[in-house]
Amino acid sequence: MTNEIKILSPCGMLGYGFPEQSFLRGMEEQPHGIVVDAGSTDAGPHKLGAGVSIVSRRAAKKDLKIILENGVPKKVPIIIGSAGGAGASVHVEWTMDIINEILQEQNLQAKIAIIWADIPNEMVIEANRQGKVNPLSPNIPALTDEIIEQTNGIVAQMGHEPILEALREGADIIVCGRAYDPSPFAAIGIFHGKDPGLSYHLGKILECGALCAEPGTTKDSILGYIGDTSFKVKSLNPARRCTSISVAAHTFYEKEHPYILHGPGFTLDLKECEFKELEGDVVEVSNSKYIPAEQHFIKLEGARKVAYRTFVLAGIRDPILLENIDDIERRVKEQVNDYYDEIPQSDYDVNFYNYGMNAVLGNKEKAVFTGHEIGVMIEVIGKDQELANSICATARSTFLHFAHEKRKSTAGNLAFPFAPSDIEFGPVYEFSVYHLMEIETNPFPIEYR
Amino acid sequence: METLFDMAKVLRSKNSGPFELTMDILFDSVDKYQRVKDSNKITVETICDLYNITENEVRHIVFFDPAMGIKITILRDVSSGTVGDRDVYGAQQHAPLMNILID
């Protein structure tokens with residue numbers, strides 16, 4: 001027990017919140033590190049494209065305040081992975097601004113290491129020309145110079161190596177740009193000489209907070225222990241417990257494969273893992289295997305602006321309209337196209353989402369509609385915002401007054417919940433870069449402040 | 001005959017990265033897991049039929065005994081959060097699996 005390294009994970013996403021009592025129970029165990037993940041690609045490409053966060057500044061500060069005011073005075077290293085939602089420089093600075101504000105308010109001093117994860121577009125263009133950049137799956141288009149140039153804020157997922165260096169330099173707080181989610185956790189174990197397989201597998205579990213417990217949630221704290229031949233996880237809230245199945249099943253979560261995980265410079269093989277329930281609702285895991293890769297690849301992420309959007313939400317309750325909805329929507333779109341015959345149809349698009357009918361699954365929906373009302377979202381995509389607004393206004397008024405032959409509700413077809421009805425959404429982004437790039441030297445510079 | 005939805009403890013979908021969708025079917029008893037595994041209903045053909053996709057769009061179908069779970073990973077038609085996507089997190093795309101009947 002004396003040689004165990006303890007890692008406290010406050011929650012699955014910085015700014016999601018966690019019960020302070022759970023976190024303090026973790027602090028009582030004198031952890032060797034407090035590590036929290038702050039980013040994900042889940043919420044979509046706009047975070048990278050527009051340089052915005054997923055959580056509010058208020059929520060990020062609320063979580064960080066608890067972490068800093070407990071960790072900094074006790075000299076427990078604090079690591080934030082994928083700062084600010086996507087880990088580009090703008091997100092890192094957003095996080096640094098909050099950290100500095102808290103340190104000042106609490107009158108705390110700390111040595112801060114920032115590990116940047118931005119990859120210059122020119123570096124990607126050069127590597128791409130040399131054939132060192134490959135898409136991660138067959139449905140990702142190959143990169144061209146044009147796509148790379150149009151992409152904002154390309155980042156790469158760092159491994160544990162630069163974080164390890166910052167720990168060796170004695171940093172109190174390490175703010176990482178984009179990181180492979182488990183890496184900031186794994187860095188603590190590896191720093192203390194533990195097996196990288198166990199360190200990474202534990203990191204994979206801890207990065208989601210208490211999601212591996214029963215009942216699972218990302219909004220609660222969890223504690224991990226790494227020994228020499230196994231690691232353990234324990235819930236810090238008596239309302240949850242870890243079971244061998246809940247922990248084993250966790251590696252399924254949002255990963256393409258249940259027991260083969262690819263990280264920067266390695267593969268993690270969890271096929272032979274053993275999950276054992278110990279006393280006190282602790283689960284012990286062994287046999288996680290770290291297999292170093294022959295070539296070192298890093299995963300690049302980047303987003304570019306592809307269009308502008310305006311949309312409108314409305315309800316339809318009339319049975320005759322519902323019965324003929326597909327036909328009506330098709331003809332509304334035709335009328336809009338006819339009205340704007342001077343505008344090329346490639347400059348804009350009108351899409352209808354019929355909530356209550358098939359909006360979630362689209363053409364994969366096999367259930368037959370039997371409801372009495374639906375929500376319709378008219379979405380207009382345009383090459384600029386003015387065009388999207390204009391087309392949406394015309395599509396909305398055309399739909400509202402569309403004279404379907406069989407209708408009895410001749411005064412209007414749509415129930416708008418709000419006035420004004422049309423919502424200017426702004427730019428729409430896409431993940432334009434989601435590729436592996438082969439590297440020879442570490443592209444993640446460290447800055448100390 | 002029981003539906004997969006009735007037998008599973010967890011039946012969910014989520015992105016695995018912005019270009020893939022992954023479905024997890026987890027069970028709370030070895031019997032139920034084994035019955036589904038042995039039924040040979042969770043196949044590439046079934047997934048292609050339910051999701052209107054072709055064989056090469058099915059990335060993995062893996063049965064993982066220690067976790068009593070099945071994972072199915074397919075390619076997304078549209079990447080997460082861009083024009084034409086209907087489900088940014090991919091969190092409601094498990095529904096087509098619910099009514100698979102198991103003997």
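The report below starts with the interface and then takes up each chain in turn.

## Interface between the chains

The structure is a predicted model, and what is said here should be read with that in mind. In the model, 37 residues of chain A are in contact with 36 residues of chain B. Three elements of chain A, namely α10 (244-250), β15 (297-316) and β18 (422-438), each supply at least two residues of the side of chain A that touches chain B. The largest share of that side comes from β18(A), which gives five residues.

By residue class, the side of chain A that touches chain B divides into 22 nonpolar, eight polar and seven charged residues.

## Nonpolar core

The largest nonpolar core holds 149 residues, and those that touch the most other members are A:Ile115, A:Ile174, A:Cys176 and A:Val380. β15(A) gives the most to this core, with 10 residues, and β15 of chain A is also among the elements that supply at least two residues of the side touching chain B.

A:Ile174 can be followed in more detail. Leaving aside its neighbours within four places in sequence, A:Ile174 is in contact with A:Pro77, A:Ile79, A:Ala113, A:Ile115, A:Ile163 and A:Ala166. One of these partners, A:Ile115, is itself listed with A:Ile174 among the core residues that touch the most other members.

## A three-stranded sheet in chain A

Chain A contains an open sheet of three strands in the order β10-β11-β14, with antiparallel pairing. The edge strands are β10 (260-263) and β14 (289-292) of chain A, each of which pairs on one side only. From one strand to the next, the twist averages 25 degrees.

β10(A) pairs with strand β11 (residues 266-269) of chain A in the antiparallel sense over four bridges, and A:Phe266 in β11(A) is the bridge partner of A:Gly263. Helix α9 (residues 196-206) of chain A packs on this sheet, where it touches β10, β11 and β14 of chain A, and the direction of the helix makes about 110 degrees with that of β14(A).

## Overall form of chain B

Chain B has three helices and six strands, which follow the pattern β-α-β-β-α-α-β-β-β when read along the sequence. A compact globule of 103 residues would have a radius of gyration near 13 Å, and chain B agrees with this because its own value is 13 Å. Along its principal axes, the C-alpha trace of chain B spans about 45 × 25 × 20 Å.

Buried residues make up 44% of the 103 residues in chain B. Among the contacts in chain B between residues at least 6 apart in sequence, 60% join residues that are at least 24 apart.

## The four-stranded sheet of chain B

Four strands of chain B form an open sheet in the order β2-β3-β5-β4, and the pairing is antiparallel. β2 (10-15) and β4 (58-64) of chain B each have a single partner strand, so one side of each is left without a neighbour in the sheet. Neighbouring strands of this sheet are turned by 10 degrees against each other on average, direction ignored.

Within the sheet, strand β3 (residues 20-26) and strand β5 (residues 69-75) of chain B pair in the antiparallel sense over seven bridges, and B:Ile25 stands opposite B:Ile70 in β5(B). Helix α3 (residues 44-51) of chain B packs on the sheet and touches β4 and β5 of chain B, with a direction that makes about 130 degrees with that of β4(B).

How values were computed:
Residues numbered from 1 in each chain as written. Chains lettered and ligands numbered in written order. Predicted model: local features only at pLDDT ≥ 70, side-chain atom pairs only at ≥ 80, totals over all residues. Contact = placed C-beta atoms within 7 Å. Nonpolar A, V, L, I, M, F, W, Y, C, P; charged D, E, K, R; others polar. Pairing = 2+ DSSP bridges. Axes fitted to C-alpha atoms, helices over the stretch in contact; angles between N-to-C directions. Core = buried A, V, L, I, M, F, W, Y, C linked by C-beta atoms within 7 Å. Buried ≥ 20, exposed ≤ 12 C-beta atoms within 10 Å, placed from the backbone. Rg over C-alpha atoms; globule rule 2.2 N^0.38 Å.
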